[in-house]
Amino acid sequence: MAEKTKKKNTVLFIFLSLICFSFQQAVAQSGSLTVTTRVTEEVADDFKPEGRIFLFVSESRMAQPWRNSWPAPGNMIFATNLKNWKLEEPFTFDATTELSKSVEVSLNQIPEGSYTIQVFWAQNREVSGLNTPGNLYSESVRIDLPENRELDLPLKFKTEPEKLASHPLLKKVDVISPVLSEWWGKEVRIKAAVLLPAQFLESPDKKFPVRYNIAGYGGRYTRANSLVQWNRNFMDWWQSEEAPQIITVFLDGYGPFGDSYQLDSENSGPYGTALVEELIPLIETQYRGLGTPESRFLDGCSTGGWVSLALQLFYPDFFGGCFSYSPDPVDFENFQLINIYRDQNAFVNEYGYLRPIVRELSGEPVISQKDFIQFENVLGWNNAYTTSGGQFSAFTALYSPKGEDGLPKPLFHPQTGKIDHEVAEHWRKYDLKHFTKTNWETLGPKIQGKIWIWMGDMDEFYLNPALRAFDQLLQQLDNPKPDAVIQFSPMTGHCKGYNHREVLIQIGEKLKR
């Protein structure tokens with residue numbers, strides 16, 4: 001008996017020693033971070049006393065961590081709202097500051113490693129998201145932890161408006177939208193970039209077909225710069241006789257809650273109406289578009305893939321074809337891995353496991369839905385994803401009704417993930433599979449020959465199951481029999497098949513046919 005007791009005590013001693021060692025290791029492998037900021041003279045005239053202040057702590061070596069708010073491992077965001085912040089007063093981030101956090105780590109528990117640190121002051125409340133004109137930010141510094149560090153990072157810089165590159169074939173469109181301005185009760189402008197074909201300048205009387213390109217999430221009209229300034233191969237081809245003579249319009253992803261998705265919504269306003277009744281007629285008149293549905297095409301990838309398909313379905317008489325790549329969920333029974341109509345929780349599946357929202361091409365999960373939403377919660381000035389300016393902020397603004405607080409009503413609770421099925425029913429009218437099935441009798445004849453979709457069958461955002469379901473629906477429909485072309489590429493990821501040049505060639509071939 002004594003021998004057994006001795007053995008038990010030995011095991012207990014070893015167990016407790018391991019716990020103490022693990023605790024000491026944990027303490028040794030974390031550091032305390034204190035960051036003080038203030039407004040400098042350089043930006044004092046632009047300073048506003050109310051906003052949301054952010055501290056970015058990132059393992060990434062990006063020069064501007066605030067531009068990398070993606071919820072990847074090693075990225076941490078701490079934030080809080082400030083009212084009546086006086087110009088001369090400093091603000092300090094430390095372990096005692098009450099902060100909203102993207103990860104369950106305090107500023108005295110940051111794991112050992114090298115980090116880039118930056119402070120950001122989001123004072124532009126006109127639009128959700130950080131990359132809007134008039135916000136302030138500090139320089140970034142690279143530090144090593146676990147040493148305790150105290151940093152001084154004053155706000156010195158201001159975010160500037162987007163600028164379009166200078167090129168004879170590239171034109172900026174920036175106009176007041178009467179329909180949006182009336183809806184919001186203030187001036188609202190819509191923008192686009194127009195890339196003209198080579199023959200536009202050579203043939204002043206010629207009219208051209210038009211391609212309307214929609215960006216991946218949040219892409220601005222200035223993405224045209226990357227082609228004009230940095231893609232010499234594309235521009236050499238674009239200005240050659242080989243390229244199809246098609247005007248390309250880069251639509252702007254700007255919206256009050258993130259990307260507008262170019263459609264009417266109860267929260268963002270009539271962006272779809274503004275597009276088809278104001279912006280497109282103006283562009284096609286000013287830049288000699290043919291102005292017919294048969295000469296008007298849509299394309300894009302990811303968000304742009306969904307928007308191009310949605311516009312073709314919702315405005316079937318207005319557009320002559322869409323080329324959709326890796327579209328966002330086209331079926332809300334497969335909203336990534338969530339069935340919004342049946343499931344009870346967005347974060348945890350019916351088996352009790354956290355739902356992944358991002359995976360590697362091999363299938364290995366990378367980020368959970370819960371962690372993804374927590375990042376957006378921190379970015380939102382109401383501590384919820386509904387004002388983050390991120391992906392789920394835009395989804396909610398488009399699909400949801402307006403809540404009693406005047407903000408988009410969330411599909412699921414920002415902290416618990418519990419799904420509101422009343423809101424889910426409101427989302428149905430934007431469920432493209434449901435819309436197509438419900439309206440096929442009148443919609444079907446109008447979209448014959450107009451739908452082309454590509455998807456990687458290992459899409460990193462789990463978008464392929466929704467398109468599979470959409471494809472299965474089309475195979476079951478009749479009168480007329482759908483002729484949509486849907487291609488799945490095995491072991492291929494998100495947007496890997498997308499290429500500006502290839503899309504233009506596809507449109508050129510369709511015009512020839």
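Helices here are DSSP runs of H or I with at least four residues, strands are runs of E with at least two, and both are numbered from the N terminus. This is a predicted model, where local features need pLDDT of at least 70, side-chain atom pairs count only at pLDDT 80 or more, and totals for chains, interfaces and linings use all residues. Numbering starts from 1 along each chain as its sequence is written, and side-chain values use heavy atoms, with hydrogens and water left out.

Start with the loop between β20 (321-325) and β21 (356-359), where Ser-326 is found. Ser-326 is not a glycine, yet its phi is positive, about 45°. Most residues other than glycine have a negative phi, and most peptide bonds are trans. Is Ser-326 buried or exposed? Ser-326 is buried, at a relative accessible area of 0%; buried means under 20%, exposed over 50%, and partly exposed in between, with a 1.4 Å probe and protein chains only.

Next, Asn-383, in the loop between α8 (369-379) and α9 (391-399). Asn-383 also has a positive phi, about 60°, without being a glycine. Asn-383 is partly exposed, at 36% relative accessibility.

Then the peptide bond between Asn-479 and Pro-480: it is cis, with omega about 0°. Pro-480 lies in the loop between α13 (464-476) and β24 (485-489).

Last, the sheet. It is open, with three strands in the order β5-β2-β11 and mixed pairing; two strands pair if DSSP finds at least two bridges between them. Its edge strands, β5 (91-93) and β11 (149-152), each pair on one side only. Strand β2 (residues 33-37) runs parallel to β11, joined by four bridges. Leu-33 has Arg-149 as its bridge partner in β11.
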